[in-house]
Amino acid sequence: MFEKILIANRGEIALRIHRTCREMGISTVAVHSTADENAMHVRLADESVCIGPPPSSESYLNIPNIVSAAMITGAEAIHPGYGFLAENADFAEIVEAHGIVFVGPTPNHIRTMGDKVAAKRAMTGVGISVVPGTEGVIGSTQEARKIAGQIGYPVLIKAASGGGGKGMRVTESPDDLDEQISMARREAKSNFGDDEIYLEKYLANPRHIELQIIADEQGHVVHIGERDCSLQRKHQKVLEEAPSPGLNAEERERLGDIGCNAVRKLGYRNAGTLEFLYEDGEFYFIEMNTRLQVEHPVSEAISGIDIVREQIRIAAGAPLFFQQKDIDFQGHAIECRVNAEDPVTLVPWPGRVSDYHPPGGLGIRVDSGLYAGYSVPPHYDSMIAKLIVHGATRNECLMRLRRALEEFVITGVRTTVPLHQKLIGETDFINGRYDIRWLEAYIAAQSENL
């Protein structure tokens with residue numbers, strides 16, 4: 001097992017990884033920008049190294065500085081967390097070339113799954129259905145017009161690289177296809193340095209269902225259940241729950257079998273997430289995230305498995321010590337992403353936290369690096385906390401979540417806690433009747449009533 005791991009990330013995920021490392025007896029190295037010198041993960045780590053100024057490009061995306069920090073401190077492995085360099089195949093290769101273990105999948109798998117067209121092709125090859133669309137990237141608008149006509153409108157234009165909704169456009173008719181393609185290409189080029197795009201059928205009212213898998217180097221693959229991530233705004237997840245209220249036991253088992261068989265055939269290792277659109281009883285693969293997910297705690301809550309611990313054990317060459325039949329799913333879990341944003345306009349709201357009191361009690365977990373006096377920097381993602389609640393049933397979970405949100409105190413900056421309080425009180429959410437379009441329609445309706 002490793003004696004020292006460098007955590008190439010910041011905020012709540014860096015702190016979350018640190019905690020598992022400490023429980024495993026592993027020393028940690030925190031890296032940080034000058035804006036994060038007082039961050040909680042820096043304070044608690046055994047060692048810390050400043051890797052640059054606030055801009056991510058000069059710090060958390062600075063590969064030479066991060067690798068140098070690992071070598072100087074004698075770290076044997078690097079855990080990338082999520083975001084930043086977590087799905088950068090070049091980074092994984094450079095780390096391994098310097099004799100340091102990358103806690104994650106192989107560079108080849110990261111590279112393949114990072115290209116959405118290649119990922120769809122790979123999954124089709126192992127028997128998974130994908131959303132109807134192009135088999136490769138689109139070369140010209142004339143080709144796009146022809147294929148869109150064959151698929152049928154509306155169609156979704158998507159960037160071949162990247163994610164998070166960047167480079168993604170919906171077009172309802174041929175009249176605006178050219179313009180939407182141009183906009184998608186520009187956005188993709190700006191965000192990912194790659195303007196290649198592809199087309200797929202735009203599904204009307206699907207749910208976003210994802211399957212958490214873990215695979216070791218010995219070929220053993222298990223899943224830790226599905227998560228429903230349908231509450232989204234601009235393709236960014238806001239709230240997640242496990243298991244999905246939209247699936248029955250037969251569909252749940254079918255999804256698990258599909259996912260594990262595919263991952264086993266691919267020879268994949270470490271943690272990963274298969275993402276699907278689910279509509280009318282069918283699962284359509286859309287992408288695979290070759291990293292730890294923001295919403296992984298809900299899977300941990302219902303399974304009792306520490307996913308980060310398993311990531312580290314697998315990276316050290318250890319086999320999974322449990323099989324699928326050993327996983328006993330219990331109860332229901334919901335995660336609320338708490339952002340430093342105005343709860344109505346959703347405009348980012350960085351600043352100094354004057355008071356901070358997280359909720360507690362049975363079944364409550366808060367992943368956050370906040371503390372009273374901490375200044376939320378304006379340079380990074382606005383998520384400042386994750387509230388994860390577990391209950392024996394979905395109804396118990398909802399009642400516990402309502403109480404926890406009432407207890408959650410963060411002052412000095414505006415947060416999305418009030419938005420979550422409203423969402424979980426809506427009849428559609430209480431009854432589990434929502435899809436990936438529901439939240440944006442809800443927010444639009446709320447704005448009209450102001």
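Entry 1: I began with the lining of the second largest pocket, which by class has 4 nonpolar, 2 polar and 4 charged residues. I note that the model is predicted. I then looked up the volume of this second largest pocket and found about 250 Å³.

Which residues line the second largest pocket? I listed Val170, Tyr202, Gln232, Arg233, Lys234, His235, Ile436, Arg437, Glu440 and Ala441. I also checked which elements give two or more residues to this lining, and these are β10 and α15 (438-448).

**Entry 2: strand β10.** β10 covers residues 221-233 and runs antiparallel to β11, residues 236-242. I recorded 4 bridges joining β10 to β11. Within this pair, I found Asp228 opposite Glu241 in β11.

**Entry 3: the sheet.** I next traced the sheet to which these strands belong. It is an open sheet of 8 strands with antiparallel pairing, in the order β13-β12-β9-β10-β11-β14-β19-β17. Why is one side of β13 and of β17 left without a neighbour in the sheet? I see that β13 (282-289) and β17 (364-368) stand at the edges, and each has a single partner strand, so one side of each has no neighbour there.

Entry 4: Finally, I looked up helix α12, residues 394-407. I found that α12 lies across β11, β14 (332-339), β17 and β19 (383-391). Relative to β19, helix α12 runs at about 140°.

How values were computed: Residues are numbered from 1 along each chain as its sequence is written. This is a predicted model: local features need pLDDT of at least 70, side-chain atom pairs count only at pLDDT 80 or more; totals for chains, interfaces and linings use all residues. Side-chain values use heavy atoms; hydrogens and water are left out. Two strands pair if DSSP finds at least two bridges between them. Contact means heavy atoms within 4.5 Å. Axes are lines fitted to C-alpha atoms, for helices over the stretch in contact, and angles run from 0 to 180 degrees between N-to-C directions. On a 1 Å grid over the protein atoms alone, a cavity is a set of points where a 1.4 Å probe fits but cannot get out, and a pocket is an open set with protein on both sides within 12 Å along at least five of seven lines; lining residues have an atom within 4 Å of a point. Grid points are joined across faces, edges and corners, and a volume is the space filled by probe spheres set on the points. Ala, Val, Leu, Ile, Met, Phe, Trp, Tyr, Cys and Pro count as nonpolar, Asp, Glu, Lys and Arg as charged, and the others, Gly among them, as polar.
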